[in-house]
Structures are given as structure tokens and as C-alpha cells.
Amino acid sequence: MGVRSSDLHKFFKIAYHQIIMTITPMMDVLLTVEKNLPRLLEDEAGWNTVDVNYHPPRVERVWCYWEGHRINLHRIHPCERDEPYVHPHPWPSAMHVLSGSYEMIRGFGQGIEDPIILGSTILGADSYYSMEHRDEWHSVRPLEKAAYSLMVNGTPWDREMPIEQSASDLSPLTPEQKREILQFFREFYSGSRPPRL
Ligand SMILES: [Fe+2]
């Protein structure tokens with residue numbers, strides 16, 4: 001009995017989906033977070049803030065914990081081309097650039113030695129990416145104006161970091177900054193979103 005091409009197509013579609021979900025579980029988490037964000041954004045008191053300004057680019061971060069993950073709302077400011085902090089992440093992560101655009105340098109390397117630089121990517125509004133390997137490095141540099149992005153973090157890897165910076169050493173944002181960022185995200189997620197993946 002022969003195998004129909006529609007069966008083969010179905011098999012490969014399922015196999016591909018399983019591979020993608022195995023490789024990029026954080027992207028799945030990000031999409032789930034996005035479905036819940038409109039409700040989560042209503043609870044203004046449930047969000048914390050920190051002004052991440054120890055190295056360019058400056059990142060105004062509004063964040064909360066949800067379902068074992070950390071959700072970060074970012075307003076990232078432009079900086080000079082040679083300034084961005086190239087860094088690994090201490091946790092797997094997935095990002096959605098909502099507005100603005102940024103240049104991202106990509107690298108790879110163990111420990112805290114300078115990584116091998118793999119290349120550069122320009123990400124525009126409505127771009128998605130994830131960083132699922134502990135030895136992946138990157139830097140971001142917004143082009144022209146501040147970029148807004150959503151970042152979701154998973155369980156920490158216990159990875160050594162080039163700069164060990166405690167969030168408790170950094171200042172919170174002003175209430176006005178927090179309100180502006182929450183309002184931007186509320187407006188972005190108030191409309192209908194096209195289906196992803
Ligand atoms: Fe990063």
C-alpha cells in the first residue's frame with residue numbers, strides 16, 4: 001500500500017512543529033504571555049521597576065513574575081555604535097520588538113571570555129527572536145529613537161556573567177516613567193493581534 005503525499009505532509013508538519021517547540025520553548029512562553037498581557041497590565045501595582053543604566057544602552061524596565069517566568073516591559077534608549085554591552089543572558093529568553101528598531105550584534109562563547117562574533121541583525125518593529133542557549137551573546141542598539149520590547153525570561157541557568165549587577169543596586173523608575181511604559185503596552189495590546197506560529 002502506497003503512502004499518500006498528504007499523509008507525508010502531515011507527518012513532516014507535526015515533526016517540524018515538535019522540533020521547533022523543543023528548540024524554542026521560550027517563544028511559546030512569550031506567545032502565551034502576550035495573550036495574558038492585557039489583563040496583567042490592568043494591575044499597575046503588580047509591576048516593579050528598575051532603571052538599568054550601568055552600561056549602554058539605558059533600559060527602563062517594568063517587570064513582574066508570572067507563572068514561573070519574569071515578564072519585562074522595556075524602553076531601550078539609543079547609544080553610540082561602539083557602546084552597547086555585549087552580554088550573554090543568565091536565563092533563556094524570548095523577545096518581541098514592538099516599536100522602533102535596533103541593531104543586534106550576535107556572539108557565542110563559554111564563560112566570560114570575549115565571545116566569537118557571529119554577525120549583526122537589524123530588527124524592525126514586530127520582530128520576534130529567542131535566546132535559548134546559555135552561551136549565546138548579544139547587544140542591542142536602538143536606531144534613531146527609543147525602542148519598546150517585551151522580554152520573557154525562564155529559569156536561571158546559574159551562568160557566570162561578565163558584569164554581576166544586582167538589581168537592588170539600581171534605582172527604580174519614577175511613577176511617571178512607569179505610567180508611560182505601561183500605557184504604551186496597554187495601547188499596543190488593546191488591538192487584535194494576528195495569530196503567531
Ligand atoms: Fe540582553
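Predicted model: local features only at pLDDT ≥ 70, side-chain atom pairs only at ≥ 80, totals over all residues.
Leaving aside residues up to four places away in sequence, Ala 94 touches Met 26, Met 27, Val 29, Leu 30, Ser 130 and Val 152.

**The whole chain**

Zoom out and colour by secondary structure. The chain comes to three helices and ten strands. Following the sequence, the pattern is α-α-β-β-β-β-β-β-β-β-β-β-α. The C-alpha atoms fill a box of roughly 70 × 40 × 35 Å, taken along the principal axes. Of the 197 residues, 23% count as buried. Take the contacts between residues at least 6 apart in sequence: 76% of them join residues at least 24 apart.

**The six-stranded sheet**

Select strands S1, S2, S3, S10, S5 and S8. These six strands form an open sheet in the order S1-S2-S3-S10-S5-S8, with antiparallel pairing. Which strands are at the edges? They are S1 and strand S8 (127-131), each of which pairs on one side only. From one strand to the next, the twist averages 20°.

Keep S3 and S10 on display and hide the others. S3 and S10 pair in the antiparallel sense over seven bridges.

Then show H3. Helix H3 lies across S1, S2, S3, S5 and S10, and its angle to S2 is about 65°.

**Ile 76**

Return to strand S3 and select Ile 76, which is placed there. Is Ile 76 buried or exposed? Ile 76 counts as buried because it has 24 C-beta neighbours inside 10 Å, and 20 or more are needed for that label. Not counting residues up to four places away in sequence, Ile 76 touches Pro 57, Val 59, Tyr 102, Val 140, Pro 142, Ala 146, Ala 147 and Ser 149.

Draw a distance from Ile 76 to Ile 117. The two are 41 residues apart along the chain, and 22 Å separates their C-alpha atoms.

**The four-stranded sheet**

Next, select S4, S9, S6 and S7. These four strands form an open sheet in the order S4-S9-S6-S7, and the pairing is antiparallel. Strand S4 (87-88) and strand S7 (116-123) stand at the edges; each has a single partner strand, so one side of each is left without a neighbour in the sheet.

Look at the pairing of strand S6 (residues 102-108) with S7, which is antiparallel and runs over seven bridges. Within it, Tyr 102 stands opposite Leu 123 in S7. Tyr 102 is also one of the residues that Ile 76 touches.

Most residues other than glycine have a negative phi, and most peptide bonds are trans. The last stops depart from this pattern.

Select Pro 56 and Pro 57. A cis peptide bond joins Pro 56 and Pro 57, with omega about 0°. Pro 57 is in the loop between strand S1 (48-52) and strand S2 (59-66). Pro 57 is also among the residues touched by Ile 76.

Move on to Glu 67, in the loop between S2 and strand S3 (69-76). The phi of Glu 67 is near 50°, a positive value in a residue other than glycine. Glu 67 is exposed, because 9 other C-beta atoms lie within 10 Å, and a residue with 12 or fewer is counted as exposed.

Finish at Asp 158, found in the loop between strand S10 (147-153) and helix H3 (175-188). What is the phi of Asp 158? It is near 60°, a positive value in a residue other than glycine. Asp 158 is exposed, with 8 other C-beta atoms within 10 Å.

Technical notes:
Residues numbered from 1 in each chain as written. Helix = DSSP H or I, 4+ residues; strand = E, 2+ residues; numbered from the N terminus. Contact = placed C-beta atoms within 7 Å. Pairing = 2+ DSSP bridges. Axes fitted to C-alpha atoms, helices over the stretch in contact; angles between N-to-C directions.
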